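Take a look at the sequence and the model below. Keep both in view while you read.

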Amino acid sequence: MKELKQQIRQWESELKKHNLDPEVLQVFNNMSKYLINQKKYIKELGDMVENSQQAYEDLRRELFMEGYDLKH
């Protein structure tokens, strides 16, 4: 996340050098916020997948210990 925010700041400073219309800068700011939010959601989804995989492995292990054959 830190790298993304740093890259956005670099892009923003480059845009400001060109004396662009304030509306263009506002669009850039909105897009930047969107990118940051999307990165947060992607990280959360990754965490959810990881947690689900771990829960699945734990359940399989528990069922195996109880004598269930899960090869079918």
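This report walks through the helices, their packing and the loop that links them.

## The model and its first helix

The model is predicted. Start with helix α1, which spans residues 2–17. α1 has 16 residues. From its first C-alpha to its last, α1 reaches 23 Å, close to the 22 Å expected at 1.5 Å a residue.

Find R9 next. R9 sits in helix α1. R9 is exposed, with a relative accessible area of 51%. The cut-off for exposed is over 50%.

Helix α2 covers residues 22–65 and has 44 residues. The distance from its first C-alpha to its last is 65 Å. That is close to the 64 Å expected at 1.5 Å a residue.

Both ends of α2 deserve a look. Just after α2 comes G67, with a positive phi of about 100°.

## The loop between the helices

N19 lies in the loop between α1 and α2. N19 follows α1. Its phi is positive, near 50°, and N19 is a residue other than glycine.

Is N19 buried or exposed? N19 is exposed, with a relative accessible area of 71%.

## How the helices pack

How do α1 and α2 run relative to each other? They pack at an angle of about 170°. Angles over 145 degrees count as roughly antiparallel. α1 and α2 are therefore roughly antiparallel to each other. Their axes are 11 Å apart.

Now look at the residues that meet. From α1 come L4, K5, I8, W11, E12 and L15. From α2 come L25, F28, N29, S32, L35, I36 and K39. By class, this contact has 8 nonpolar, 2 polar and 3 charged residues.

## Buried residues of α2

Which residues of α2 are buried? They are F28, S32 and I36. These buried residues pack against α1. F28, S32 and I36 are also among the α2 residues that meet α1 in the contact listed above.

R9 is exposed, whereas S32 is buried.

Key:
Residues are numbered from 1 along each chain as its sequence is written. This is a predicted model: local features need pLDDT of at least 70, side-chain atom pairs count only at pLDDT 80 or more; totals for chains, interfaces and linings use all residues. Side-chain values use heavy atoms; hydrogens and water are left out. Helices (H or I, at least four residues) and strands (E, at least two) are DSSP runs, numbered from the N terminus. The expected span of a helix is 1.5 Å times one less than its number of residues. Buried means under 20% relative accessible area, exposed over 50%, partly exposed in between (1.4 Å probe, protein chains only). Contact means heavy atoms within 4.5 Å. Axes are lines fitted to C-alpha atoms, for helices over the stretch in contact, and angles run from 0 to 180 degrees between N-to-C directions. Angles under 35 degrees count as roughly parallel, over 145 as roughly antiparallel, 65 to 115 as roughly perpendicular and the rest as oblique. Ala, Val, Leu, Ile, Met, Phe, Trp, Tyr, Cys and Pro count as nonpolar, Asp, Glu, Lys and Arg as charged, and the others, Gly among them, as polar.
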